[in-house]
Amino acid sequence: MINYENEVAVKCGINAAVIADYLWNLKENHRFGKGKSAYRYGKVWVRCSQPMITSEIRYLTIDMVKGAIKNLLEENILRKECFNDDKFDHTNWYTFTEYGENLVRKGRYVS
């Protein structure tokens, strides 16, 4: 079953909504110290590459993921940073903005 965030889908499209749901679940199920998530600047950040997303959500291509993440960043739903110690590791870290968290929560808990 495919899950997506309704409110995000309205703003950014279905691909972005599916990725927002995926990143939200990573954030909610974070495991600090495993290299997959970190607590910085008062937020939980998740480490996630575009190939990792396409291996989990197999019907999305790399270009679809790039476009969806770009939309999420432009709409101020996500923030992106690079916290890697290895200068050759360009894997991005993502967190939801306050606006993005509110949007996701609104879409999840509508009755």
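Me: Is W45 buried or exposed?
Reply: In this predicted model, W45 counts as buried, its relative accessibility being 0%.

Me: How many aromatic pairs turn up in the whole structure?
Reply: A search of the whole structure gives four aromatic pairs. One of them joins W45 and F83 in an edge-to-face arrangement, with 5.0 Å from centre to centre and 85° between the planes. Because W45 lies in strand β2 and F83 in the loop between β3 and β4, that pair ties together parts that are 38 residues apart in sequence.

Me: And F83, what is its relative accessibility?
Reply: F83 has a relative accessibility of 15% and counts as buried. F83 also forms an edge-to-face aromatic pair with W93, at 5.9 Å centre to centre and with 65° between the planes. Here F83 is in the loop between β3 and β4 while W93 belongs to strand β4, so the pair ties together parts that are 10 residues apart in sequence. Both F83 and W93 are buried.

Me: Which residues make up the aromatic cluster?
Reply: One aromatic cluster is formed by Y41, W45, F83 and W93.

Me: Switching to charges, how many salt bridges are there?
Reply: The count comes to six salt bridges. Among them is the one between K43 and E101, whose closest N and O atoms are 3.3 Å apart.

Me: Which residues are linked with K43 in a network?
Reply: K43, E101 and R105 are linked in a network of salt bridges.

Me: What does E75 form a salt bridge with?
Reply: E75 forms a salt bridge with K11, and the closest N and O atoms of the two are 3.8 Å apart. This pair also links distant parts of the chain, with E75 in the loop between α4 (62–74) and β3 (78–81) and K11 in helix α1 (residues 6–12), 64 residues apart. E75 is partly exposed at a relative accessible area of 32%, and K11 is partly exposed as well, at 41%.

Me: And which residue does R79 bridge to?
Reply: R79 forms a salt bridge with E81, where the closest N and O atoms are 3.5 Å apart. R79 counts as partly exposed at 35% relative accessibility, and E81 is partly exposed with a relative accessible area of 31%.

Me: Where does T97 sit?
Reply: T97 is placed in the loop between β4 (93–96) and α5, and at 8% relative accessibility T97 counts as buried. The side chain of T97 reaches the backbone oxygen of N76 at 2.5 Å.

Me: What else is T97 in contact with?
Reply: Leaving aside neighbours within four places in sequence, T97 is in contact with K43, N76, I77, L78 and R79.

Me: Changing topic, which helix is Q50 in?
Reply: Q50 is found in helix α3 (residues 50–56). Setting aside neighbours within four places in sequence, Q50 is in contact with I62, V65, K66 and I69. The C-alpha atoms of Q50 and L60, which are 10 residues apart along the chain, are separated by 10.0 Å.

Me: How far does α2 reach?
Reply: Helix α2 (residues 14–28) has 15 residues and reaches 21 Å from its first C-alpha to its last, which is close to the 21 Å expected at 1.5 Å a residue. Residues buried in α2 include A16, A17, V18, I19, Y22, L23 and W24, and also D21 and K27.

Me: Finally, where is confidence lowest, and where is it highest?
Reply: Confidence is lowest in strand β1 (residues 37–40), at a mean of 81, and highest in α4, at 96. The protein averages a pLDDT of 85, and 86% of the residues score at least 70.

Terms used. Residues are numbered from 1 along each chain as its sequence is written. This is a predicted model: local features need pLDDT of at least 70, side-chain atom pairs count only at pLDDT 80 or more; totals for chains, interfaces and linings use all residues. Side-chain values use heavy atoms; hydrogens and water are left out. A salt bridge is a side-chain nitrogen of Lys or Arg within 4 Å of a carboxyl oxygen of Asp or Glu. Helices (H or I, at least four residues) and strands (E, at least two) are DSSP runs, numbered from the N terminus. Buried means under 20% relative accessible area, exposed over 50%, partly exposed in between (1.4 Å probe, protein chains only). pLDDT is the predictor's confidence in each residue, from 0 to 100. A polar contact is a pair of N or O atoms within 3.5 Å; within protein, one must be able to donate a hydrogen and the other to accept it, and residues adjacent in sequence count only if both atoms are side-chain atoms. Contact means heavy atoms within 4.5 Å. The expected span of a helix is 1.5 Å times one less than its number of residues. Rings of Phe, Tyr and Trp (its six-membered ring) pair if their centres lie within 6.5 Å; planes under 30 degrees apart count as stacked, over 60 as edge-to-face and the rest as tilted.
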